[in-house]
Amino acid sequence: MNTHDSSREYVLITPPKEYCVYTSCYCEENIWKLCEYIKAHNQHCIQDVYAVFISNERRLIPIWKQQASHGDQPVVWDYHVILLHNWKKGESYIYDLDTVLPFPCPLSSYEEEALRSDKHLKKCYWRKFRVIPAETYLSNFASNRSHMKDEVGHWKKPPPSYPCIETTESKMNLEDFISMDAQIGWGKVYNLLEFVQHFNG
């Protein structure tokens with residue numbers, strides 16, 4: 001007789017994608033809002049949730065299967081932010097509000113479809129990953145959105161409708177999260193292979 005173990009079925013830890021707080025081109029805040037939701041509604045798993053900044057020294061990182069993609073071409077972002085749930089009962093899951101892949105997406109599928117490999121890329125496109133525990137991200141991230149204004153102060157893209165995220169210590173520290181210098185900022189920095197092996201090993 002076959003038994004069905006429902007405890008090993010993955011359960012969404014955020015609202016369905018269409019109900020998530022989302023502003024185009026503000027991925028760092030979109031993921032902060034997801035972390036905020038998880039802490040309020042699924043606190044039992046918050047210690048297994050991470051904000052993941054993807055960038056590199058040149059600020060040139062290709063990611064495939066993005067909503068902004070054309071055909072099978074990647075979008076080359078200066079940085080991108082996703083959420084990782086290091087699920088203890090099985091494979092880790094990625095929550096990316098800008099992907100056309102399932103939401104959430106198993107890390108192995110996200111690696112294969114969206115990240116692919118650095119092997120055939122020029123070194124200037126190799127991706128690095130700053131992985132920050134969700135509670136650390138909620139406590140320390142701050143952005144006054146100045147990076148989204150042009151030289152004369154006009155918005156490059158419309159900002160979120162809610163107030164800027166800030167802490168008692170800072171109104172703007174986004175650069176410390178985008179930087180892949182392991183000596184500064186929060187969390188731990190991995191290359192692509194290290195990231196996948198650590199969270200799906």
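**Close-up views of salt bridges and nonpolar cores**

**View A. Glu113 is partly exposed, with a relative accessible area of 28%.** In this predicted model, the side chain of Glu113 meets that of Lys65 in a salt bridge, at 4.0 Å from N to O. The pair connects distant parts of the chain, 48 residues apart: Glu113 belongs to helix α2 (residues 107-115), whereas Lys65 lies in the loop between β2 and β3 (75-77). Lys65 is likewise partly exposed, its relative accessible area being 27%.

**View B. Glu57 and Lys128 form a salt bridge.** Their closest N and O atoms are 2.8 Å apart. Glu57 is located in the loop between β1 and β2 (61-63) and Lys128 in strand β7 (residues 128-133), a separation of 71 residues. Glu57 counts as exposed, at 56% relative accessibility, while Lys128 is partly exposed, at 27%.

**View C. Glu29 and Arg145 are both buried and form a salt bridge.** The closest N and O atoms of this pair are 2.8 Å apart. Because Glu29 lies in helix α1 and Arg145 in the loop between α3 and α4, the pair ties together parts that are 116 residues apart in sequence.

**View D. The largest nonpolar core comprises 34 residues.** Ile31, Leu34, Phe53, Leu83, Tyr95 and Tyr137 touch the most other members. Elements giving two or more residues include α1 (27-41), β1 (49-55) and β4 (80-85); the largest share, 6 residues, comes from α1. Beyond its neighbours within four places in sequence, Leu83 contacts residues including Ile31, Leu34, Val49 and Tyr95.

**View E. A second, separate core contains 21 residues.** Among them are Leu101, Cys105, Tyr110 and Val131.

Conventions:
Residues are numbered from 1 along each chain as its sequence is written. This is a predicted model: local features need pLDDT of at least 70, side-chain atom pairs count only at pLDDT 80 or more; totals for chains, interfaces and linings use all residues. Side-chain values use heavy atoms; hydrogens and water are left out. A nonpolar core is a set of buried Ala, Val, Leu, Ile, Met, Phe, Trp, Tyr and Cys residues joined through side-chain atoms within 4.5 Å. Buried means under 20% relative accessible area, exposed over 50%, partly exposed in between (1.4 Å probe, protein chains only). Helices (H or I, at least four residues) and strands (E, at least two) are DSSP runs, numbered from the N terminus. Contact means heavy atoms within 4.5 Å.
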